[in-house]
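Colleague: I'd like to learn how to read a few features off a model. Could you walk me through some?

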Amino acid sequence: MSRLKRLAKPVIAATIATLLATGCATNNPNDPFENYNRVMFSVNEAFDNVIFKPVATVYKNVLPDIVQTGVTNFFGNIADVWTAFNNFLQGEGQKGLSDVTRVTVNTIFGLGGLIDVASDLQLTKHHADFGQTLGVWGMEAGPYVVLPILGPSTLRDTIALPAEWYGDPWTYVDNISVRNVGIVVRAVNYRAALLDASSLVDDASLDKYEFMRDAFLQRRYQQVHGKDSGDDGEWVEVSASEPFIKPAEPVAPLKSPAKAAKSGEAPAKATIPVPAEAVTPNVN
């Protein structure tokens, strides 16, 4: 077991203990630990602003796009192994076989996964994790919780974390230095891919915590009860070399409450489309 795993276990245990101590702090049925969650969200934001985001910004600005795309493809190919396993557990045999084919094609013909040959062959990329599998099996999502460093989660996804760690093929790389460097590079690459999205949320001058919570819960609900992404069932792999958000048409920028007050207009409020079936007392 890696040092990161040994450190993560007491962190999660402390988080659960804190949640139990805080009790129900709000009337939101999906977020009974909102007081704790907001504090941890602020801590994570501070860590991101001071360390994670600056590193990701340098990574995105310095490394050529082809390198960033290669990193995304490489770790995406590794993730497809765990995705295939979970799709089989969920009874999605056709998706599982497609995932296995993707891994085989990209590993053999894509230089170990650096090139996504499978997508060019119309082999759809999916996403499936063990938290999603538990949801498909009927386990409710439980309360929303913000984990230290890891960010938004639910009780179900938190319970699934040990399986996620052991199901990650990169965990079994023998060379500890290579393994740890890979974990860091993968995290920085993913954060770099989200720079545009996080900037959009920041510029909107909203309640960022509420925005992130609602978006996360809706996304997880759709992953368990609906399609992975959009209307075609295809999982969109984000890369630091291309925008995370690609609007179909130009959208007028949202005015901050202060600017709106000066102009005499009502402040704009961002909304997230919610499927009718997703509006339930508990997000399963």
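Predicted model: local features only at pLDDT ≥ 70, side-chain atom pairs only at ≥ 80, totals over all residues.

Colleague: Where does Asp 129 sit, and is Asp 129 buried or exposed?

Modeller: Asp 129 lies in the loop between helix H5 (117–120) and helix H6 (130–136). Buried means under 20% relative accessible area, so Asp 129, at 9%, counts as buried. Leaving aside neighbours within four places in sequence, Asp 129 is in contact with Trp 82, Asn 86, Gln 90, Glu 164 and Arg 220.

Colleague: How do I check the length of helix H8?

Modeller: Take 1.5 Å a residue: the 18 residues of H8 (176–193) should span 26 Å, and the end C-alpha atoms are 26 Å apart, which agrees. At the start of H8, a side-chain oxygen of Asn 175 comes to within 3.0 Å of the backbone nitrogen of Ser 177.

Colleague: And which residues of H8 are buried?

Modeller: An α-helix has 3.6 residues a turn, so residues three or four places apart point the same way. In H8 the buried ones are Arg 179, Gly 182, Val 188, Asn 189, Arg 191, Ala 192 and Ala 193. Their cover includes helices H2 (34–62), H3 (65–89) and H9 (195–203).

Colleague: Which residues form the nonpolar patch on the surface?

Modeller: Phe 47, Val 50, Ile 51, Val 55, Ile 149 and Leu 150, with about 560 Å² of accessible area together. Val 55 belongs to helix H2 and, at 41% relative accessibility, counts as partly exposed.

Definitions and conventions: Residues numbered from 1 in each chain as written. Heavy atoms only, no water. Helix = DSSP H or I, 4+ residues; strand = E, 2+ residues; numbered from the N terminus. Expected span 1.5 Å × (residues − 1). Buried < 20%, exposed > 50% of the residue type's maximum accessible area, 1.4 Å probe, protein only. Contact = heavy atoms within 4.5 Å. Polar contact = N/O pair within 3.5 Å; in protein donor to acceptor, adjacent residues only side chain to side chain. Patch = residues over 30% accessible without salt bridge, like charges linked within 9 Å, V, L, I, M, F, W, Y side chains within 5 Å. Areas by Shrake-Rupley, 256 points an atom, 1.4 Å probe, with all protein chains shown as cover. Salt bridge = Lys/Arg side-chain N within 4 Å of Asp/Glu carboxyl O.
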